[in-house]
Amino acid sequence: GLDLVLNIVNNAVDYLTEDGILVVEMGDNQEQLENMYPGLAFTWLDTVSGDGIVFLLTYDQLYSYFNA
C-alpha cells in the first residue's frame, strides 16, 4: 500500500526546487508512514475526506532529513 508513497518521499528532493513543496494524498496510513521516517515533521492537511490523508513536506525538510 505505501510503496508508491515511499518512492515519492525518498526521491522528491531530486525533483523539487529549493523552494518547492511536496503534497501527497494517500490512504489512512499516517501512523505507519510517520514511523518509517522518525524525525521527519509531516504537516497533515485537513480535507473533507478527513485528517491524516494528505501531507505536505518542504524541500528543506526532505533535504535535511536525507542528508543528515
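Is Val5 buried or exposed, and what is the relative accessible area of Val5? In this predicted model, in which residues are numbered from 1 along each chain as its sequence is written, Val5 is buried, with a relative accessible area of 8%. The term buried denotes under 20% relative accessible area, exposed over 50%, and partly exposed the range in between (1.4 Å probe, protein chains only). Local features of the predicted model need pLDDT of at least 70, side-chain atom pairs count only at pLDDT 80 or more, and totals for chains, interfaces and linings use all residues, while side-chain values use heavy atoms, with hydrogens and water left out.

Val5 belongs to helix 1, which spans residues 3-11; helices (H or I, at least four residues) and strands (E, at least two) are DSSP runs numbered from the N terminus. When residues up to four places away in sequence are not counted, Val5 touches Val24, Met26, Leu33 and Phe55, contact being defined as heavy atoms within 4.5 Å. The C-alpha atoms of Val5 and Gly27 are separated by 9.7 Å, the two residues being 22 residues apart along the chain.

The largest nonpolar core comprises 19 residues, of which Val5, Leu33, Phe42, Phe55 and Leu62 touch the most other members. At least two residues of this core come from each of helix 1, strand 1 (21-25), strand 3 (50-58) and helix 3 (59-66), and helix 1 gives the most, with three residues. Such a core is a set of buried Ala, Val, Leu, Ile, Met, Phe, Trp, Tyr and Cys residues joined through side-chain atoms within 4.5 Å.

The three strands form an open sheet of order 1-3-2 with antiparallel pairing. Strand 1 and strand 2 (43-47) stand at the edges, each with a single partner strand, so one side of each is left without a neighbour in the sheet. Neighbouring strands of this sheet are turned by 35° against each other on average, direction ignored. Two strands are taken to pair if DSSP finds at least two bridges between them; strand 1 and strand 3 pair in the antiparallel sense over five bridges. In strand 3, Val54 is the bridge partner of Glu25, and Leu56 is that of Val23.

Strand 1 has a covered face, Leu22 and Val24, and an uncovered face, Ile21, Val23 and Glu25. In a regular strand, side chains alternate between the two faces of the sheet. Helix 1 lies across strand 1 and strand 3 and runs at about 180° to strand 1, whereas helix 3 lies across strand 1 and strand 3 at about 75° to strand 3. Axes are lines fitted to C-alpha atoms, for helices over the stretch in contact, with angles from 0 to 180 degrees between N-to-C directions.
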